[in-house]
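Subject: Handover of the structure and notes on what is in it

Dear colleague,

I am passing the structure on to you below, and after it you will find my notes. Please read them with the model open beside you.

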Amino acid sequence: MTSFSAFIFIAGVVATSSFHLNYPQTSSRPSNVNLYSEVADTDTKFNVFEDYVGNSDFRGKRFDFDPLNLAAAYPPFVPFFREAELRHGRTAMLAVLGFISTDFIRIPGDMYSFDSIPKTIDIHDALLKNGPMYQLLLWIGLWDILVTAPSIKALGEGFREPGDYGWRWFAPESKEGFDVKRDAELKNGRLAMIAVGGIATQSIITGHGFPYV
């Protein structure tokens, strides 16, 4: 218990220090441009559909979708809105993969076996009672303290683009090619957010795994 408390204390110190880190400029904007100030400036004609990728439908045609007019109503929060969309989309893509794959394969351990938990939809509640779900919550919480919070602060100060953690090993070199990949990620993430809700609903209604009919 003492070591766990020490670990939490150290994590808190690191998190506090990380708020003062100098983040590298990863976007095409000049380093002296603050995105939040830029979109909040009433003299600047900010148009979210011109400044951000992703305003196209599945056919590739332009589709400006903001029915609640949130971008115009809260322009300083637009970068955070995009950050949230990307994070939820990435999480949903992993969730869809996990939902489907665990109908066929499981990691070693009796508590994860098909005998213990026949249906994927029941895994959450079962592991909440007897498994490592609370550990998972702890590690996600630490990730948000050590990584998410400082990255959001850097986003607000204009040091990074929404969703950009510098992992560009396979990114195209040209801006046009990179924007195509960014647009594809957004569309796949949006589809996955809808899909994971449909998978969970169908799993409960039918009581079956993949293909949930």
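Predicted model: local features only at pLDDT ≥ 70, side-chain atom pairs only at ≥ 80, totals over all residues.

**Overall picture**

The protein has eight helices and zero strands, so that its pattern along the sequence reads α-α-α-α-α-α-α-α. Of its 213 residues, 25% count as buried, and the accessible surface comes to about 14400 Å², with 66% of that belonging to carbon and sulfur atoms. Among contacts between residues at least 6 apart in sequence, 62% join residues at least 24 apart.

Helix α8, which covers residues 175-206, has 32 residues and spans 45 Å from its first C-alpha to its last, close to the 46 Å expected at 1.5 Å a residue. Its buried residues are Gly177, Asp179, Asp183, Leu186, Gly189, Ala192, Ile199 and Ser203, and these pack against α5 (78-101).

Which residues make up the largest nonpolar core? There are six of them, namely Ala92, Val96, Phe99, Ala192, Ile199 and Tyr212. Both α5 and α8 supply at least two residues of this core, and the largest share, three residues, comes from α5. Within this group, isoleucine 199 touches Val96, Phe99 and Tyr212, when residues up to four places away in sequence are not counted. In soluble globular proteins, nonpolar side chains tend to be buried together.

**The segment after α8**

Just after α8, glycine 207 takes a positive phi of about 75 degrees. Further along, the peptide bond from phenylalanine 210 to proline 211 is cis, with omega near 5 degrees, and proline 211 is placed in the segment after α8. Tyrosine 212 is in the segment after α8 as well, and its phi is near 65 degrees, a positive value in a residue other than glycine.

Is tyrosine 212 buried or exposed? With a relative accessible area of 6%, tyrosine 212 is buried, because the cut-off for that class is under 20%. Phenylalanine 210, in turn, is partly exposed, with a relative accessible area of 43%.

**Aromatic pairs and charges over rings**

Phenylalanine 63 is partly exposed, at a relative accessible area of 44%, whereas phenylalanine 65 counts as exposed at 58% relative accessibility. Phenylalanine 210 and tyrosine 212 form an edge-to-face pair, at 5.8 Å centre to centre and with 90 degrees between the planes.

There are also charged side chains placed over rings. Arginine 106 lies over the face of phenylalanine 114, at 4.1 Å from the ring centre, and the charged end of arginine 160 sits over the ring of tyrosine 165, 4.8 Å from its centre.

**Two loop residues**

Lysine 119 lies in the loop between α5 and α6 (123-130) and is partly exposed, with a relative accessible area of 40%. Leaving aside neighbours within four places in sequence, lysine 119 is in contact with Arg106 and Gly207. The C-alpha atoms of lysine 119 and glycine 207 are separated by 8.1 Å, although the two residues are 88 residues apart along the chain.

Asparagine 69 is found in the loop between α3 (48-51) and α4 (70-73), and has a positive phi of about 60 degrees although it is not a glycine. At 43% relative accessibility, asparagine 69 counts as partly exposed.

With best regards

How values were computed
Residues numbered from 1 in each chain as written. Heavy atoms only, no water. Helix = DSSP H or I, 4+ residues; strand = E, 2+ residues; numbered from the N terminus. Expected span 1.5 Å × (residues − 1). Buried < 20%, exposed > 50% of the residue type's maximum accessible area, 1.4 Å probe, protein only. Contact = heavy atoms within 4.5 Å. Areas by Shrake-Rupley, 256 points an atom, 1.4 Å probe, with all protein chains shown as cover. Core = buried A, V, L, I, M, F, W, Y, C linked by side-chain atoms within 4.5 Å. Phe/Tyr/Trp six-rings, centres within 6.5 Å; stacked < 30°, edge-to-face > 60°. Lys NZ or Arg CZ within 6 Å of the ring centre and 35° of its normal.
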